[in-house]
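This briefing concerns a structure of paired chains and the contacts of their side chains. Please consult the sequence and the model shown here while reading.

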Amino acid sequence: MRVAEVAEKTEAAVSPEGAAAGSPAIQTVDLTKRFSKTIALAGLTMTVPRGEVFGFLGPNGAGKTTAVKLLLGLLSPTSGQGSLLGRPLGDLEARRRIGYLPELFRYQGWLSAAEVVALHCELAPIPRSSWKDEIRSVLETVGLADRAGDRVTTFSKGMQQRLGLGAALVGEPELVFLDEPTSALDPVGRHDVREIIRGLASRGTAVFLNSHLLSEVEQVCDRVAVVDHGRVIASGTMDELLSGKSVRIRATGLNQADKNKLASYGHIDDEGDQLTFASLDVERVPEIVATIVSMGGRVYEVAPRHQTLEDRFLQLLEDEEK
Amino acid sequence: MPPVFVIARLTIQEASRRRLLLALLILTLLVVGFSAWGFNKITTMTRDDGTPIPPDQVAFITSQLLIVVTFMFSGVLALSAAVVAGPLISGEVESGLLLSILARPVRRSEIVIGKWLGLGALVALYAAGAGGAELAAVDWATGYLPPHPDQLLVYVGLEGLILLSLGLLLSTRLSGITAGVIALVSWLVGWIAGVVGDIGTGLQNEALRNVGLISHLVLPSDGLWRGAVYAMEPDTFIAAMRALGPAASANPFAATDPPPLTFLLWVVVWFVLVLSLSVASFRRREI
C-alpha cells in the first residue's frame, strides 16, 4: 500500500474518465466506517495497482472484512471515497470484472457445484456458450472437477471454500477479493490456494488478500498493509516491511530483572531460555553476549536471522498497544 | 436472463429442491381427498322421516361449509407465505449466502423483486391448483360449485400475496423468525379488526366501523377474504342477508357486497408501496 497517496489521483480515478484500463485496481482516500460509536475503519488511503497481489493483514476484529465490504459496496462508507478498476465503489460495471470469496462463505446447498458456478456465470454475466468450458476449468482449478454434480450440502467446509474460490474466479476477473481464503482448508488446500493466487498474478489479475495467516501473505504478496483497530499501522513491500534483522539468543541463568535490563537493546520476544531481539544490529551481538555473561547467564546459541513477517507483525501490534 | 428472473428462478428451484412443493402437494391431496369424502356425506343426510334432504338444502349447507373450509385454506396459505417470506432476505444475509451474489452486477432491487416474483408465482400456483382441486372435489361430491370460482381463487391468491409481501418487507430488516411472526400476527389482528368493523356496521357505530376500514387499508388481507366469501355465496343467500339489514354484516363468514372497486385499486397501490418500501429498505441495509 502506498499510504498518503495523492488525493487528486483518486478524484480522477473515481470519475468516469478515470475508468480507463490504466486506472489502479483499487484506490481509496480517507475511507472511514463507523458503526455507532465504534470506528471499524479509520481513514484508509491506499492504491493497489493492477496485477498486484496485495496483503491486508491484521488481527481478528482489526477492520479487514469491513474494508473489503466497503470496497465491494456491501457497506456504505461514513466518509471518504474510493474506486475499483476506475469506477466508483458499488458501481455495477466494476462488479462485472471482479470476483469475491467472502469470509463467511455459504453457497446454495440445494444446487450442485456445477450449478453454483453456472449461477455465477449467469450473474457475472458471461456468454452462455462459454459456460460449459468455464465451469469445467474453474472446478478443475479448485480441485472439485470430480464433484461437479454433487449437491453442495454434501460438501465439507473446506470443499465449500474451494467452491467459493471457484465462483470468485468465474469470468477471468481483473480484481479478486479473497477474505481469509484458507480458513477452512488443510495444508494441501492452502498450498493450492497459493498456487491459484500466483496463477492469477501471472495473468495480470490483481488480488486483494485479507488474512491473518502471516505465512500465507509472506509467500504470495507483493505488498502488505497491516491494520489494527481500524487504522493502517504499517505498509510497504515485503522487503521494506522486513528490512530489520533479529537475533535469537539461547541462554540460561537469567531472571526477569536481567531480562528487563536487556530490553535496552531493543524489543525482546521472551520465550523462556530463548530470547529474540527484534531489529538488533548484528554489530552489537558481542556486546549483548558479554552483558548476559556478566549477569551470570550461560549462552548456548546466538543466531542472527532475517526478521519474519510474524516478528514484524507482532512488533507492530505491540508498538501500537504502547 | 436478466438477474431479476435468475433470482426468481432460484427461489422456485429452492422450494422445489427442498421438497416444499412435494410436501404441499401431498398435504393438499390428503386434505382435498378427505374433504371430498366429508362433502359427499352431506348428500346422504336425511330428514326425520328418512327422506333425503332436498338439493337446495344440500347446496346451502355445502356453500356454508365451503366458506369455512376456504377460510382454513386461505389461512394456511397466508400462514405459509408469511413463514416462508420471513427469512427470505434476512436468512440469506445472516448466513452469508447473499454476499457473493451481491458482489456480482446485481441490483438489490433485483434481489427483492426476484424473490417476490419467485415466491409470488408459487403462492399463485398453489392457490389456483389447490383451490381448483378443492372446488372440483366439492363439485364431484355434491354437484355444487360456488357462483364465482375464478374470483374466489383470485381473492385467496391475493391474500397469500399480501402476507408474502408483508413478510418480505419485514425480512429486509428483521430476522426470519421475527419477520414471520409479525406478519402472522398482523394477519390475525387484521382479521379480528375486520370483525370489529363488521360489528360496528351492524351496530351502526362509527368508531368501530372505522377500525375495520383502517385495518383493511393497512393490511388488505381481510378485505380480500370478504371478497372470497362473496364469491362463494349463492344469490339466494346474499338476498336473504341483505333482507336482514345492517345486522347481517356482523359475521366474518358472510358478505352482502363485493369489495368496492376503490378497495381493489388500493390493493394494487398497497402492493406497489410495500414492494417499493422493501427495495428502499434493503438498499439501505448494511451487509
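The model is predicted; local features need pLDDT of at least 70, side-chain atom pairs count only at pLDDT 80 or more, and totals for chains, interfaces and linings use all residues. Residues are numbered from 1 along each chain as its sequence is written, chains are lettered from A and ligands numbered from 1 in the order in which they are written, and side-chain values use heavy atoms, with hydrogens and water left out.

**Confidence**

- The predictor assigns the complex an ipTM of 0.86 and a pTM of 0.84.
- Chain B has a mean pLDDT of 91, with 100% of its residues at 70 or more; pLDDT is the predictor's confidence in each residue, from 0 to 100.

**Interface of chain B and chain A**

- About 2700 Å² is buried between chain B and chain A, and carbon and sulfur atoms give 57% of this area. Buried area is the accessible area (1.4 Å probe) that two parts lose on being put together, summed over both.
- On the side of chain B, the residues that lose the most area to chain A are B:R17, B:R104 and B:P105, which together account for 26% of what that side buries.
- Chain B contributes 26 residues to the contact and chain A contributes 31 residues, where contact means heavy atoms within 4.5 Å.
- The rules find three salt bridges across this interface, together with 14 residue pairs in polar contact, both residues being at pLDDT 80 or more.
- A salt bridge is a side-chain nitrogen of Lys or Arg within 4 Å of a carboxyl oxygen of Asp or Glu.
- A polar contact is a pair of N or O atoms within 3.5 Å; within protein, one must be able to donate a hydrogen and the other to accept it, and residues adjacent in sequence count only if both atoms are side-chain atoms.
- Elements giving two or more residues to the side of chain B that touches chain A are α1, α4 (90–95) and α5 (97–102) of chain B. Helices (H or I, at least four residues) and strands (E, at least two) are DSSP runs, numbered from the N terminus.
- Of these elements, α1(B) gives the most, with seven residues.
- By class, this side of chain B has twelve nonpolar, four polar and ten charged residues. Ala, Val, Leu, Ile, Met, Phe, Trp, Tyr, Cys and Pro count as nonpolar, Asp, Glu, Lys and Arg as charged, and the others, Gly among them, as polar.

- A:E115 forms a salt bridge with B:R17, with the closest N and O atoms 2.9 Å apart.
- The pair joins two chains, because A:E115 lies in helix α4 (residues 113–123) of chain A and B:R17 in helix α1 (residues 3–17) of chain B.
- A:E115 is partly exposed at 27% relative accessibility, and B:R17 is also partly exposed, at 25%. Buried means under 20% relative accessible area, exposed over 50%, and partly exposed in between (1.4 Å probe, protein chains only).
- Not counting residues up to four places away in sequence, A:E115 touches A:W110, B:Q13 and B:R17.
- A polar atom of the A:E115 side chain lies 2.8 Å from the backbone nitrogen of A:S112.
- The C-alpha atoms of A:E115 and A:R151 are separated by 9.0 Å, the two residues being 36 residues apart along the chain.

**Salt bridges within the chains**

- Over all chains, the count comes to 25 salt bridges.
- A:K64 and A:E180 form a salt bridge between their side chains (3.8 Å, N to O). This pair links distant parts of chain A, 116 residues apart: A:K64 is in helix α2 (residues 64–72), and A:E180 is in the loop between β7 (175–179) and α7 (187–202).
- A:K64 is buried at 5% relative accessibility, and A:E180 is buried at 4%.
- In chain B, B:E14 pairs with B:R18 in a salt bridge whose closest N and O atoms are 2.8 Å apart; B:E14 is buried, with a relative accessible area of 19%.
- A network of salt bridges links A:R50, A:R97 and A:E174.

**B:T256 in a loop of chain B**

- B:T256 is located in the loop between α11 (235–243) and α12 (261–284) of chain B.
- B:T256 counts as buried at 16% relative accessibility.
- The side chains of B:T256 and B:D257 are joined by a polar contact of 3.4 Å.
- Leaving aside residues up to four places away in sequence, B:T256 touches B:Y230, B:I238, B:M241, B:R242 and B:S249.
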